[in-house]
Amino acid sequence: MTPAHPGLTLPEELLLLALDPQRGKPYCRNRFLEYGMAGAVLAELELRGRITEQLGQIRVINPLTPQDPLLAQVLGSLPAPDTGRFTGGVSAKRWIRRTGRHVEELCVDHLVDRAVLRRETRRFLGLLPYHRHPAADPDLPAAVRERFTAARTAGFPDPRSRTLAALVSAIGLSSAVVEGGWRARSAMRDLVREEWTAHAVHRNVRQDKANRSGGSAGGSGGSSGDGD
C-alpha cells in the first residue's frame, strides 16, 4: 500500500479524492464537498483530541493550538470549554452549514501555497471568473486514492479510514472513488450513521436535496446520493 502524504490532514485527503486531478473539478456537487470539508476538519480535531461531540453539539476539550494553520483557525473559532453561555457547545449541523465554504477555501489556498494544487482562472461565458484546481503532481492524488482503496479492501480497519469513508459516502462521492458496485458503497453508507461528523454532513446534504425537490425527501437529481 502506498502511504498518503505524511503532511495531509483529513480535509486535505478528502479534497484530493474529490477533485479530478487533471481538470480540477469536483466529482460531486461543490456545496456537498463544502459540507464534507467542514466535517473533515472537525473529524481531524477529534482524532487529535481537541474536540468531542455530545448530543449533536461540538465541545472543545483541549484548546491547545494545533500546528496546522487550518486546524488552528477552526479550533480558535469554536467556543472555549466551559465558558458562560457556550457551555452547551455549538450545533455540529449548523456549524458545518455555516462554515463549509470558508473551510474549503482555506484548505484549497493552503494546498495551492504548498504546491499540491495549481490554481487556474477561467471565465464563464467569457465574463465571470471562476477557479479550477488541478493537481500539481498527479502522483499525490493517486497515492491518496490507492491508500483509500487499500483501506476499503481491509474493511476500513482504523478510525481515520472509517471516518474518511463515511465522509466520502455522506457527500455522494462513493461512485467516483470506489470500485465494487453497490455492495461496497452500501458498507460505506453504514459508516455515515456511526460517525457523527459524517452524519451531520449528510443531514445538510439531505436538507439541500429536499429543498431542491420542493420538500420531498425522496427527491434527488444531479450527482450520486451514495450517502442516503
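Biologist: Which helices do the buried residues of helix 8 pack against?
Modeller: Helix 8 spans residues 181–194; helices are DSSP runs of H or I with at least four residues, strands are E runs of at least two, and both are numbered from the N terminus. Ala 184, Ser 186, Met 188, Arg 189, Leu 191 and Val 192 are buried there (under 20% relative accessible area; exposed is over 50%, partly exposed in between; 1.4 Å probe, protein chains only). Their packing partners, by contact (heavy atoms within 4.5 Å), are helix 5 (139–153), helix 6 (159–170), helix 7 (174–177) and helix 9 (196–212).

Biologist: What pLDDT do local features need?
Modeller: Residues are numbered from 1 along each chain as its sequence is written, and side-chain values use heavy atoms, with hydrogens and water left out. The model is predicted: totals for chains, interfaces and linings use all residues, side-chain atom pairs count only at pLDDT 80 or more, and local features need pLDDT of at least 70.

Biologist: At what angle do the axes of helix 2 and helix 3 cross?
Modeller: Helix 2 covers residues 30–47 and helix 3 covers residues 69–77; their axes come within 10 Å (lines fitted to C-alpha atoms, for helices over the stretch in contact, with angles from 0 to 180 degrees between N-to-C directions). The pair is therefore roughly perpendicular (65 to 115 degrees; under 35 is roughly parallel, over 145 roughly antiparallel, the rest oblique). Val 41, Glu 44 and Leu 45 of helix 2 meet Leu 70, Leu 71, Val 74 and Leu 75 of helix 3. The crossing angle is roughly 90 degrees.

Biologist: How far apart are the axes of helix 2 and helix 4?
Modeller: Helix 2 and helix 4 are also roughly perpendicular to each other. Their contact includes Tyr 35 and Met 37 from helix 2, and Trp 95 and Ile 96 from helix 4. The angle is about 90 degrees, and the axes lie apart by 7 Å.

Biologist: Which residue of strand 3 stands opposite Ile 58?
Modeller: The open sheet has three strands in the order 1-2-3, with antiparallel pairing (at least two DSSP bridges between two strands). Strand 1 (51–54) and strand 3 (90–91) are the edges. Strand 2 (residues 57–60) pairs with strand 3 over two bridges. Opposite Ile 58 stands Val 90.

Biologist: Which residue in the hairpin turn has a positive phi?
Modeller: Four bridges join antiparallel strands 1 and 2. Two residues lie between these strands. The positive phi, about 55 degrees, belongs to Leu 55.

Biologist: Which side chain does Arg 114 touch in a polar contact?
Modeller: Arg 114 sits in the loop between helix 4 (92–113) and strand 4 (120–124). Arg 114 is partly exposed, at a relative accessible area of 30%. At 3.1 Å, its side chain makes that contact with the side chain of Glu 12.

Methods:
Polar contact = N/O pair within 3.5 Å; in protein donor to acceptor, adjacent residues only side chain to side chain.
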